[in-house]
Amino acid sequence: MSPLFDPQLPADALLPLLVLASSLLPGLVIFFLGEARVRTRTALNLGGAFLKLGFVAWMIWGVYHGQRYELRLPLVDDLDLTLRVGALSLLFLVLSAGLWLLTTVYAVGYLEQSPHRSRFFGFFSLCVTATVGVAMAGNLLTFLLFFEMLTLTTYPLVVHRGTEAARQAGIVYLTHTMLAGALLLAGTVWLYTLAGTLTFAPRGFVSDIAGSHAGALTAIFALLIGGVGVKAALVPLHGWLPRAMVAPAPVSALLHAVAVVKAGAFGVVLIVYDVFGVEQAAALGLTGPLALVAAVTIIYGSLRALFQDDLKRRLAFSTVSQVSYIVLGVAIVGPLASVGGIVHLVHQGIMKITLFFCAGNLAETLGIHKVSEMNGVGRRMPGTMVAFTIAALGMIGVPPIAGFISKWYLGLGALEAGVHWPLYVLTASSLLNAAYFLPILHRAWFREPSGAWAERSAEHAVGDEPRTAAAGAGSPQLETGLLLLLPPLVTAALSLLVGLFASMPFSALEWSLLIAEREFHYP
Amino acid sequence: MTQPVFWALVGMALVVMGLYALIVHAHLLRKVLALNVMSSGVFLVFIGLARRAPGEDAPLAADPVPQAMVLTGIVVAVAATGLALALIVRQRALTGRTTLNDDVGR
Amino acid sequence: MPLELLGPGWSGPHWMLAAVFVPLSAALLSFLLPRLASPLGLIAATLTAVAALALTREVMAEGTTRTLLGGWATPLGILWRADGLSAALMAMTAIVGVMVSLYAAAYFRHEAHERAYFWPLWLMLWAALNALFLSADLFNLYVTLELLGFSAVSLTALGGGAAALNGAIRYLLVSVLGSLSYLLGVALVYHGCGSVDIGLVAACVPDAPRPAMQVALAAMIAGLLLKTALFPFHVWLPPAHGSAPAPVSAVLSALVVKASFYLVLRLWLDVLGGGDGDGGGRWVAELLGALGAAGVVWGSVLALRQERLKLLIAYSTVAQIGYLFLAFPLALTGDAVAWTGALYLALAHGLAKAAMFLCAGNLLRFGGHDRIAELDSAVHRLPLTLTAFALAGVSIMGLPPSGGFIGKWLLLKAAFEQERFLLATVILLGGALAAAYVFKVVGHAFTPAERERRVRSVPPDMEWSAIFLAVAAIVLGLTLPLISPLLQVGTASAASAAVTLMAEGYA
């Protein structure tokens with residue numbers, strides 16, 4: 001009787017649904033679990049994460065063999081809720097599904113004994129659901145739906161600690177994201193009334209009306225970019241990100257390094273490529289200002305990072321700067337620059353999550369929150385700091401770590417497009433990256449231990465911290481809990497590997513080349 | 001001036017007077033009286049202007065429909081007055097006040 | 001099918017009669033047998049809802065349904081008519097009604113005095129609502145409007161406190177004033193057309209003497225706006241809705257204000273034909289839209305500034321009513337999109353706002369107060385209530401995929417199509433402000449409670465009925481393909497149908 005659901009769901013429509021459900025259902029169940037049901041909760045979390053990764057892997061295999069995955073649900077007018085998986089979606093899907101697994105492991109270790117874990121993991125799962133929804137959105141309306149869901153489900157995580165600072169950060173976060181949501185909605189409806197469709201298409205769907213409605217399209221572009229730009233932390237819309245660092249470390253790691261800001265950056269990519277079409281956007285004169293905003297954001301974020309003593313805030317400003325590489329890559333307009341931007345979507349995610357994991361380990365194990373407290377910490381926590389060092393060097397762009405690949409293609413792309421100023425921006429940014437990361441590495445490895453944590457260690461001899469005691473049942477003794485140490489080591493290794501094996505099939509770089517090829521040399 | 005128009009004007013005058021009194025008087029009993037004056041005015045307009053079919057020139061032939069309607073209206077008005085008086089008496093017994101609070105709407 | 005078991009061979013007219021006379025007779029019975037009021041009320045609520053939903057199904061399948069009460073022909077007899085608009089509102093009333101009844105049975109379990117008065121009044125109110133949605137002549141609408149007003153006023157006073165009494169008296173005065181204004185209009189319409197049947201009046205309005213008819217319709221609409229609490233006539237609403245017991249507030253905000261809005265819509269669409277075709281209509285539509293926009297902004301800002309939860313929700317109602325009137329200028333082009341949007345908002349608001357007030361009732365009962373700043377301990381202990389509030393908030397904010405989103409989407413679409421950017425901005429701004437006041441409450445869920453206070457426990461029925469309504473408001477967003485055809489049933493056919501029925505009656 002109801003026309004809502006097609007009675008027969010073929011497998012190619014089912015798979016996107018399963019990817020959503022593998023985190024949605026565990027999340028909903030977790031809300032109803034008691035605080036003490038640690039085992040059940042962990043099993044649900046990890047089971048969901050592994051399942052999701054499995055489904056995504058299945059889809060990679062399918063897409064590689066030409067399979068199309070699509071699910072439609074009529075919503076309003078002739079618009080559907082559409083979930084669709086293409087090359088670009090898969091890139092983001094792999095990133096979020098893979099990092100979700102690692103972050104879940106980390107969060108289980110990080111939040112031992114802390115209150116409200118059911119609430120935390122429930123919303124955590126819902127966030128990932130929203131993120132993969134953003135990745136699979138087949139039209140702007142579906143994108144909007146999951147984008148707003150991401151806002152709603154991250155809010156509880158930002159204010160999770162319940163302190164006054166957390167509440168304030170929550171208000172700032174909501175003010176930014178809700179106003180952004182309004183802009184995005186306005187742009188979406190307006191575009192729909194003009195174009196009559198919202199379905200993402202390679203090279204965009206506005207070329208028919210570009211001639212007659214150039215002014216309106218410019219305004220729509222500004223509205224849409226403003227809407228996603230808040231989550232992508234484009235200056236001057238970035239204010240929420242450093243404040244959101246009051247959240248627990250796994251939240252900062254996954255959401256503020258990967259899911260939320262990436263959803264924003266992914267949105268920019270979608271709007272430029274699949275809504276406007278990059279050449280159409282360039283023809284309308286829209287990419288120039290976007291590139292300028294990206295450049296300003298890159299420099300501004302790096303400069304601000306330079307002066308932060310709080311480690312997580314320094315990383316947050318670094319995120320502000322780094323995410324705009326993606327935007328810059330898109331806005332330079334050219335195949336190679338696009339590759340650089342899109343591949344950075346993955347590379348930056350892996351490196352930045354490593355840094356946040358490490359910052360969380362330092363804070364949780366030794367109580368270190370500030371850069372100035374990090375003297376000599378490399379000797380106390382060598383594993384964590386090795387991971388940190390790899391990721392930081394990658395951020396600076398030292399070959400052969402992942403970040404180098406991104407910067408290389410961005411630079412090549414700028415040259416290919418015949419513009420030089422992005423090179424200066426990249427160089428300046430790399431110098432600034434070095435200026436705010438190298439002192440940290442120097443302190444950690446080459447200075448004598450000092451500060452409160454060092455005195456505590458001296459007093460209590462070795463291995464008396466609760467973490468270490470809990471984890472070090474057997475020898476050799478670990479510097480911190482296994483669940484905390486493993487994820488950053490894995491992601492650090494990953495950032496090295498994706499750099500080393502960048503030209504292997506199925507690597508992020510190869511996928512990005514595929515995507516860029518589709519955008520620029522479409523028949 | 002024809003008779004229907006005269007009655008209608010008288011009715012309208014009552015409505016306006018009632019509305020004026022409803023607004024200016026603070027005492028709730030006066031407000032209830034004002035509403036009663038208004039409703040009388042409305043009924044007068046209703047009966048006064050009633051005629052069976054538009055355009056005909058024999059308007060004063062008794063039209064039963066508006067009579068029935070006004071009868072219903074009077075019942076409603078009596079009920080409203082009764083309800084209002086009950087509420088006012090109760091409020092006076094509770095608080096001693098016979099006016100509305102003025103601290104709302106801000 | 002269970003419906004056929006209940007009434008073998010029943011058709012639309014039977015369900016219409018049941019939808020009004022079941023609650024009416026149950027109201028009288030429960031007044032006579034106060035000890036049995038709760039079970040009687042619950043049974044009647046279920047039956048009424050079944051009748052209303054069956055009627056909706058009938059309308060969806062068969063189109064507009066009519067009946068002459070007792071077989072008496074108009075003009076002395078009474079004609080009832082159910083088209084898509086009536087059916088949709090009756091269905092929404094049925095869902096809210098059943099949930100509020102369940103809630104109230106738990107809420108008043110230990111208050112014999114209030115329980116004895118609540119059930120007769122609430123069932124009377126429901127009967128009046130259904131009768132109002134079914135009535136097809138202007139005078140009958142007046143009678144149902146008054147029945148509705150009196151039962152609503154009495155329910156407002158149910159708590160018996162000074163604030164409740166004061167709110168009730170203010171509400172009564174406004175309600176009677178509005179009805180009188182409406183009745184004055186009816187008198188003038190009867191003078192001009194010699195009939196009060198909506199269809200016949202619609203047919204006669206174009207030829208009727210102009211100034212008299214303009215005054216008549218202006219008086220009717222003004223009276224109804226007063227009852228709908230459109231800005232600037234909203235001052236009576238927050239004290240009345242804010243001081244009543246929670247189930248009553250839910251009914252008042254979700255259903256009662258919708259009744260007078262429905263009437264405005266009937267007049268506008270069926271009698272005035274959508275206001276197109278003459279300059280005066282355009283002017284009135286623009287005025288209504290401007291008042292609606294002012295209501296959206298002003299109501300939202302005041303909601304944000306409230307320190308008590310129930311007043312916050314009541315002011316949010318003022319804002320949401322404003323949205324409904326934005327459709328008037330947007331529909332001037334003859335496009336039905338704006339009307340569908342406004343109706344969708346009305347339905348979604350009914351479900352969501354009822355859920356919110358029920359949540360407020362839970363928090364009030366648990367913590368003994370509803371001061372927002374001190375809600376944290378209560379909010380912490382009632383996660384289900386909080387979830388219901390947040391989900392209802394999603395619909396009020398108009399985030400996808402809720403019913404509120406679909407309504408806003410359609411209104412926005414109309415606004416952008418006509419390049420009315422100011423109205424679009426108001427629609428978006430209202431959503432952002434709604435987010436601010438919803439999160440003002442929800443934010444307290446995450447700040448740790450300073451002291452543990454547990455005044456009274458909250459029965460699970462009270463939490464689950466709120467959840468059900470909130471989820472229904474969300475799910476409504478996914479059912480546009482079902483509801484949109486329903487809303488189209490009977491539009492623009494009212495006039496001709498009534499004429500045929502009149503002719504049959506005389507023959």
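A: Two strands are said to pair if DSSP finds at least two bridges between them. In this predicted model, strand β1 (residues 65-68) of chain C and strand β2 (residues 79-82) of chain C are joined in the antiparallel sense over 4 bridges.

Q: What makes β1(C) and β2(C) a pair?

A: The definition asks for at least two bridges, and β1(C) and β2(C) have 4 bridges; therefore the two strands count as a pair. As one example of a bridge, C:R66 has C:R81 in β2(C) as its partner.

Q: Which residues of β1(C) lie on the covered face, and which on the uncovered one?

A: C:T65 and C:T67 form the covered face of β1(C), while C:R66 and C:L68 form the uncovered face. In a regular strand, side chains alternate between the two faces of the sheet.

Q: Why is C:L17 called partly exposed?

A: The relative accessible area of C:L17 is 31%. Buried requires under 20% and exposed requires over 50%, so C:L17, at 31%, falls in between and is called partly exposed. This residue belongs to helix α2 (residues 12-32) of chain C.

Q: What does C:L17 contact, leaving aside its neighbours within four places in sequence?

A: With those neighbours set aside, C:L17 is in contact with C:V22, C:L69 and C:W80.

Q: How do you know which chains share the most contacts?

A: There are 2 pairs of chains in contact, and chains B and C share the most contacts of these. Their contact involves 41 residues from chain B and 40 residues from chain C. Chain A and chain B, by contrast, are joined by no contact, and their closest C-alpha atoms lie 25 Å apart.

Q: How much area do chain B and chain C bury between them?

A: The two chains bury about 3500 Å², with 79% of it on carbon and sulfur atoms. B:F46, B:M69 and B:L87 supply 16% of the area that chain B buries against chain C, more than any other three residues.

Q: What polar links does the rule find across the interface of chain B and chain C?

A: The rule finds 2 residue pairs in polar contact, both at pLDDT 80 or more. By class, the side of chain B that touches chain C has 26 nonpolar, 8 polar and 7 charged residues.

Definitions and conventions:
Residues are numbered from 1 along each chain as its sequence is written. Chains are lettered from A and ligands numbered from 1 in the order in which they are written. This is a predicted model: local features need pLDDT of at least 70, side-chain atom pairs count only at pLDDT 80 or more; totals for chains, interfaces and linings use all residues. Side-chain values use heavy atoms; hydrogens and water are left out. Contact means heavy atoms within 4.5 Å. Buried area is the accessible area (1.4 Å probe) that two parts lose on being put together, summed over both. A polar contact is a pair of N or O atoms within 3.5 Å; within protein, one must be able to donate a hydrogen and the other to accept it, and residues adjacent in sequence count only if both atoms are side-chain atoms. Ala, Val, Leu, Ile, Met, Phe, Trp, Tyr, Cys and Pro count as nonpolar, Asp, Glu, Lys and Arg as charged, and the others, Gly among them, as polar. Buried means under 20% relative accessible area, exposed over 50%, partly exposed in between (1.4 Å probe, protein chains only).
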